Structures are given as structure tokens and as C-alpha cells.
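The report below walks through selected features of a structure, moving from a packed pair of elements to a sheet and then to individual residues. Please read it alongside the coordinates.

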Protein chains: 2
Amino acid sequence: MSGAGMSEPSVGGAEAPRRRVTRDDVARLAGVSSAVVSYVLNGTPKPVAAATRQKVLDAVELLGYQPNQTARALSLGRSNVIGLVISDPRNPYFAELALEIDNAARAEGRTVMVLNSLARRGGGSMHIAGLSQQQLEGIIIADTLSEAESETVRSLSVPVVLINQFFANKGFASIGVDHFGGAYMAVRHLIDLGHRRIAFIGGNPGIDPREEGWASAVRDAGLEPGPAFHVPFELEGGYQAGLALADDASGVTAAFVASEQQALAALSALQERGFAIPGDIAIVAFDGTTCAAYLWPPLSTVAQPLRAMADDAVRRIVTNTAHEDYTSYPMSLVVRASSGG
Amino acid sequence: MSGAGMSEPSVGGAEAPRRRVTRDDVARLAGVSSAVVSYVLNGTPKPVAAATRQKVLDAVELLGYQPNQTARALSLGRSNVIGLVISDPRNPYFAELALEIDNAARAEGRTVMVLNSLARRGGGSMHIAGLSQQQLEGIIIADTLSEAESETVRSLSVPVVLINQFFANKGFASIGVDHFGGAYMAVRHLIDLGHRRIAFIGGNPGIDPREEGWASAVRDAGLEPGPAFHVPFELEGGYQAGLALADDASGVTAAFVASEQQALAALSALQERGFAIPGDIAIVAFDGTTCAAYLWPPLSTVAQPLRAMADDAVRRIVTNTAHEDYTSYPMSLVVRASSGG
């Protein structure tokens with residue numbers, strides 16, 4: 001199923017599917033008859049000399065010959081394991097995405113193995129080696145790739161889908177949401193509730209369509225954008241942004257937060273400083289995780305259709321249709337207590 | 001490095017380490033000279049007949065012969081990938097554990113791949129197949145194993161460490177915390193603050209030492225245990241327990257919650273019903289995740305030494321010392337606003 005490598009043997013690719021190893025292959029490599037292989041493996045009557053037995057076992061091991069059930073499926077050249085790369089497992093968004101991809105994969109009889117790539121924040125590279133050593137049917141990557149990483153991922157010769165993407169990625173099937181539109185919808189909700197000075201909390205400035213969505217919605221309503229707080233996509237980042245917003249004296253009455261992980265901690269910081277949510281500051285976040293519903297107050301948010309996105313990614317792997325394109329999913333507004341809507 | 005399978009070839013274990021595949025093995029299987037293999041692979045002057053070339057490539061593929069760098073390390077029989085099995089990725093405890101194991105593994109030059117086993121809740125079995133198809137140096141399992149699963153895991157012939165365990169597990173290296181002692185410490189903290197009627201929120205009744213720790217601490221102080229709420233270890237479970245506690249009319253002024261995931265949602269339910277935390281109900285939880293510090297109010301908790309536990313588990317894999325034993329780590333009380341301490 002896993003495409004390349006099926007017709008062309010690829011030297012150096014342990015993960016490439018192989019034709020089924022037969023008992024005859026074992027016999028040939030060991031320099032014995034096929035019957036002797038059977039005697040050794042099945043313990044049938046004829047005694048086998050220790051040295052011969054060892055040669056057979058050596059060949060069995062070297063070829064990875066697997067006479068049992070699981071092995072038969074394996075040696076047909078199919079892996080039913082999909083690799084998933086996420087950055088930080090502590091981010092509820094990635095946890096939820098991993099869960100949905102797991103569900104979608106199980107429905108297709110597949111198993112998912114997850115690689116956490118947050119090592120890269122320390123300047124390390126994604127552990128592509130961890131993937132290349134495994135026998136994977138395909139790989140779903142919920143992260144950005146450097147040029148070098150893109151090269152390496154392509155060299156694995158398995159279907160690859162990038163998910164949680166802002167934009168198209170050359171050479172890859174990419175799945176994302178309408179980040180701009182989702183942010184615009186969130187901020188429009190706050191404007192409709194009467195807010196006139198709306199802050200933004202998010203990550204890196206200048207590259208996130210969510211910040212553009214916020215600014216556009218505000219300007220389209222004839223308002224001036226409120227302050228923008230740029231902090232890491234982590235709990236501590238959200239907490240610091242919440243404190244900064246509490247210190248802001250510019251008359252902000254609402255904030256759009258670009259991730260629920262940041263919003264969780266911002267809620268805490270604002271309440272620590274005595275702000276009532278939504279009375280003093282109304283909040284709308286972005287992601288759509290289960291966790292958002294169980295915070296206090298429950299978070300209003302724009303939700304990604306995570307199940308549909310996960311199904312799509314898994315389907316492209318198992319049908320080997322991960323061709324270059326970009327699919328953007330629409331988002332939906334979920335109103336809960338934090339926006340007072 | 002990975003123990004069993006190194007000296008004894010194990011039939012049916014693709015993940016078992018193999019001796020390095022040599023060019024001579026390829027030559028023997030293909031029925032050509034070693035020089036011809038080199039010609040085919042390195043493109044040296046002598047032309048090779050198409051049929052012969054195909055035989056060589058076939059043998060290369062079948063043996064997984066890998067003349068390149070990564071491959072050389074691989075074919076020495078070492079994998080540097082550790083498999084980690086957790087149940088639910090959305091539980092902050094497992095997310096934090098996965099992160100610490102990832103950090104510990106990276107410090108040893110290893111990569112971690114995570115398998116989510118929550119499928120089992122629906123009656124499915126752990127996807128051992130997902131592990132057995134992979135080339136792993138060892139496996140860390142933060143879950144309970146059925147008898148059949150224990151058998152299968154043992155058959156993989158790699159070091160296995162069970163973590164987050166209440167008790168010893170026959171045949172396995174097991175790592176846990178003093179669940180009883182941690183719970184006792186949490187409840188003692190509430191008693192010291194003057195609480196006389198303390199509730200318990202946790203999972204399955206009758207098997208959790210945390211519930212025993214709660215009951216013992218209460219009784220040792222000459223008090224009667226308050227109500228016990230048994231709900232699933234999920235956000236919705238914690239939320240339902242919080243609502244039930246809000247409805248309780250027995251004069252409860254504090255609760256010990258057996259997991260931070262449940263406590264997160266219980267905090268929300270209680271505040272939704274108008275209870276002040278800790279004024280009306282003081283809360284102490286159990287786990288020690290980063291998330292607990294960023295909730296409102298920040299959660300008092302008894303913390304597991306996750307880094308030390310993760311280091312220990314990884315060390316036992318990489319040194320191949322995962323012998324049968326049980327190591328219990330002590331816990332520590334972290335006082336934050338939710339207990340009013």
C-alpha cells in the first residue's frame with residue numbers, strides 16, 4: 001500500500017515494503033533444502049545437525065523470516081502503522097488532534113505512533129531518524145518543516161500529509177483551517193457584543209493569519225486594533241500575556257487568544273488580578289479542544305473540525321493519495337460563558 | 001543492546017536485533033560474487049546484466065541491506081527508538097510523563113514513539129501489533145496489562161518497564177509512586193487547615209490506594225470519611241463529580257481529587273454552582289503536572305517526581321537492566337491557592 005519502493009527496490013530504505021520472504025529464501029541463504037528449514041522451524045521428526053540448525057536460524061534472523069500470522073501480513077510488504085509528528089504533547093490542541101487521528105486510524109485498522117518534535121525548540125532537528133528506522137505506512141506531520149527536514153521526509157518514500165498548516169507546502173499534501181476566517185469570526189462575535197477595544201494574544205508576530213484576522217475584523221468595524229501580546233505557545237506564555245493585559249490601561253474590554261492553551265493560563269492570570277471574566281474582560285479563543293469546555297469560565301472559541309481533518313489525513317495515507325495540494329477547512333464559533341455571549 | 005534475541009535468534013520477531021547484514025550475504029542470496037554486488041550498488045565500471053542486477057537488488061531488499069550511514073548503525077542490531085504506551089493523550093498527566101520520558105531519552109540519544117492505548121476502553125486490546133512491527137530498543141508502558149498483553153509484550157524480546165504502577169507486576173520492572181502516602185499527605189494537609197469533613201473524588205472504587213490513603217488520614221485524625229465520588233478519569237467525570245459535590249448537603253468543606261484532570265473539571269463545576277474555591281470548598285489534587293499551576297485557582301497538589309521516574313525508566317531500557325522489581329518514588333506536597341494553605 002505504501003507506494004514507492006513497491007516496484008523499485010530502494011537501497012538504504014529499511015522502511016520500504018519488501019516482497020514476502022519465503023522458506024525457499026531461507027533455504028538458499030543457509031545453503032540447505034527447504035525441507036530442512038521446515039524441520040528446524042517446526043521440529044518435525046528428522047534430526048538436524050547443530051551446525052546446520054544454526055545456519056538456518058541465522059538465515060531466518062537475517063531475512064526476518066516470520067512464519068507466524070502477524071508476520072504474514074507484514075511480509076506482504078504492508079505496515080499498518082502511521083507515524084504522527086506533533087510538537088508539544090502538553091498542548092491540548094495536539095492531544096486532541098492525536099486522539100482524533102488515532103480514532104480515524106483505528107477505524108481503518110491502523111495504529112498510530114506519535115513522535116514529539118519539541119526538541120526542535122532547543123535548536124535540535126526533528127527526529128526524522130526515529131521515523132526512518134520504523135516500518136511506517138505513512139506519516140502525518142502537525143508541524144512546520146525546514147527545507148532539510150522536507151528533503152528527509154520525502155526520502156522516506158511513504159505518503160506524507162502535513163496538518164495544522166497555515167498555507168500550502170510545496171511537494172506535500174497539506175491540511176489546515178481558515179485561520180484568518182476563524183479569527184475574524186471570533187473577533188466579529190466580540191464586536192457584535194458591543195466591545196470596542198479588543199486585544200490580541202498569540203505567538204510570533206507577522207506570520208500568523210489569526211493576527212491578520214483579528215486586525216481586519218476590528219478595522220472593518222471602523223475600530224482601532226487594541227494591543228497585541230506576542231508570547232510563546234505555552235502555558236507560561238499565556239499567563240504572562242494575561243498579566244500584561246491586566247496591566248494594560250488602554251480600556252481593553254475583550255481579547256481574542258490564538259490558542260486555547262494560552263487562553264487557559266491567561267484566564268488564570270486575569271482572575272488572579274481580580275478581573276471578572278467576561279464582566280471585565282471577555283475572551284474568545286481558537287482551537288476547539290474538549291478542555292476548553294471544562295475551564296472556568298468555559299471558553300468561547302472558534303473550533304477546528306478536528307475529526308474531519310483527521311479522517312482526511314488518514315484517508316490520504318491509507319489510499320496513498322497524499323498528492324500536493326492544500327485543503328482548508330472552515331471553522332465554527334462555539335459560544336460559552338467566557339465571552340458573555 | 002536490547003538483550004534477548006542477540007544470542008538466540010527468535011523466529012517471528014522482526015524487531016529482534018540482527019547481526020549486521022553483509023555484502024557477502026547479499027551475494028550468497030543472489031547467487032553472484034561479492035564484487036558484482038558492489039558493481040550494482042556503487043555503479044562501478046563493469047556492466048552487469050539486467051537479470052543479474054535485478055537478483056542483487058532483490059536480495060538487497062529482502063535482507064534490508066543498507067550500505068549507508070544510518071543503516072550501518074541499524075544493522076549493528078541497535079534501534080535507538082523507545083516505545084511508550086500511554087492511555088489518553090488528553091490527560092495532562094500522561095502528556096507530562098511523555099514529555100519527561102522524551103527529555104530523558106533525548107539525553108541518551110534516543111527517540112521516543114508514543115502509542116495511545118485508549119482504544120482498550122472500548123473493549124479493544126492494546127495495539128501490541130503496532131509495537132511488534134517496529135524496531136524498538138525497549139518499551140515503557142504507563143498502563144495496566146492484561147495477562148494476554150503481558151505475554152505478548154514479553155514475547156517482543158526487548159526490555160520493558162511499566163510506569164505509573166500501583167504495585168509490582170510479575171515478570172516486569174515496575175515504577176510507581178507511593179499513592180497511599182501521597183493521598184495521605186494531601187488529606188493531612190486539609191485536616192491541618194481545620195477541615196473536618198473531606199470528600200474523595202477518584203476512579204474505580206476498591207482498587208485505588210489513593211482512596212485508602214484518604215480514608216486512613218481521615219480516620220487517623222478521629223474523623224469520619226466524607227462522601228466518595230467515583231467517576232471516570234476524564235474531564236467529564238471530574239465535572240460530574242464536582243456537580244455531585246455541589247449537591248451534597250453533608251457539610252463537606254474540602255475534597256481530595258485523585259487526578260489533576262478530574263480536578264480541573266471539578267473546579268469548573270463547583271465555580272459554576274457558585275462555590276468559592278477554597279472559601280467554600282478547598283481542593284487538593286494528585287499528579288504534579290504543569291497545568292495544575294495555571295488553573296484558576298492554581299491547584300494545590302501532591303506531585304510525583306516525574307523527571308526522576310522518567311530518567312529511571314529510560315536508564316533501565318538503555319542499560320538493559322529492566323529486571324523484575326518495583327520502585328516506589330516518594331511524593332511531595334505543593335501548596336497553591338486551591339487549598340487556601
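In this predicted model, helix H8(A) meets helix H9(A) through A:His179, A:Phe180, A:Ala183, A:Tyr184, A:Val187, A:Arg188 and A:Ile191 on the H8(A) side, while H9(A) contributes A:Pro209, A:Arg210, A:Glu212, A:Gly213, A:Trp214, A:Ser216, A:Ala217, A:Val218 and A:Asp220. By class, the residues of this contact between H8(A) and H9(A) comprise nine nonpolar, three polar and four charged. Two packed helices are described by the angle between their axes and by the distance between those axes. Here the axes of H8 (residues 179-192) and H9 (residues 209-220), both of chain A, come within 7 Å and cross at roughly 40°, and H8(A) and H9(A) are therefore oblique to each other. The crossing of H8(A) and H9(A) is right-handed.

Chain A also holds an open sheet of six strands, arranged in the order E7-E6-E8-E9-E10-E12 and with mixed pairing. Its edges are taken by strand E7 (228-230) and strand E12 (332-334) of chain A, each of which has a single partner strand, so that one side of each is left without a neighbour in the sheet. On average, and with direction ignored, neighbouring strands of this sheet are turned by 20° against each other. Strand E6 (residues 198-202) of chain A pairs with E7(A) in the parallel sense over three bridges, and A:Ile201 has A:Phe229 in E7(A) as its bridge partner.

| Element | Residues |
|---|---|
| helix H7(A) | residues 147-155 |
| helix H8(A) | residues 179-192 |
| helix H9(A) | residues 209-220 |
| strand E4(A) | residues 160-163 |
| strand E6(A) | residues 198-202 |

Where does A:Ser157 lie in chain A? A:Ser157 is found in the loop between helix H7 and strand E4 of chain A, and A:Ser157 is partly exposed, with a relative accessible area of 25%. The C-alpha atoms of A:Ser157 and A:Leu136, which are 21 residues apart along the chain, are separated by 10.0 Å.

For chain A taken as a whole, there are twelve helices and twelve strands, and buried residues make up 57% of its 341 residues. Among contacts in chain A between residues at least 6 apart in sequence, 71% join residues at least 24 apart.

In chain B, helix H1 (residues 23-30) has B:Asp25, B:Val26, B:Ala27, B:Leu29 and B:Ala30 buried. H1(B) is followed by B:Gly31, which has a positive phi near 75°.

Technical notes
Residues numbered from 1 in each chain as written. Chains lettered and ligands numbered in written order. Predicted model: local features only at pLDDT ≥ 70, side-chain atom pairs only at ≥ 80, totals over all residues. Heavy atoms only, no water. Axes fitted to C-alpha atoms, helices over the stretch in contact; angles between N-to-C directions. Helix = DSSP H or I, 4+ residues; strand = E, 2+ residues; numbered from the N terminus. Parallel < 35°, antiparallel > 145°, perpendicular 65-115°, else oblique. Left-handed = near helix turned anticlockwise from the far one by under 90°. Contact = heavy atoms within 4.5 Å. Nonpolar A, V, L, I, M, F, W, Y, C, P; charged D, E, K, R; others polar. Pairing = 2+ DSSP bridges. Buried < 20%, exposed > 50% of the residue type's maximum accessible area, 1.4 Å probe, protein only.
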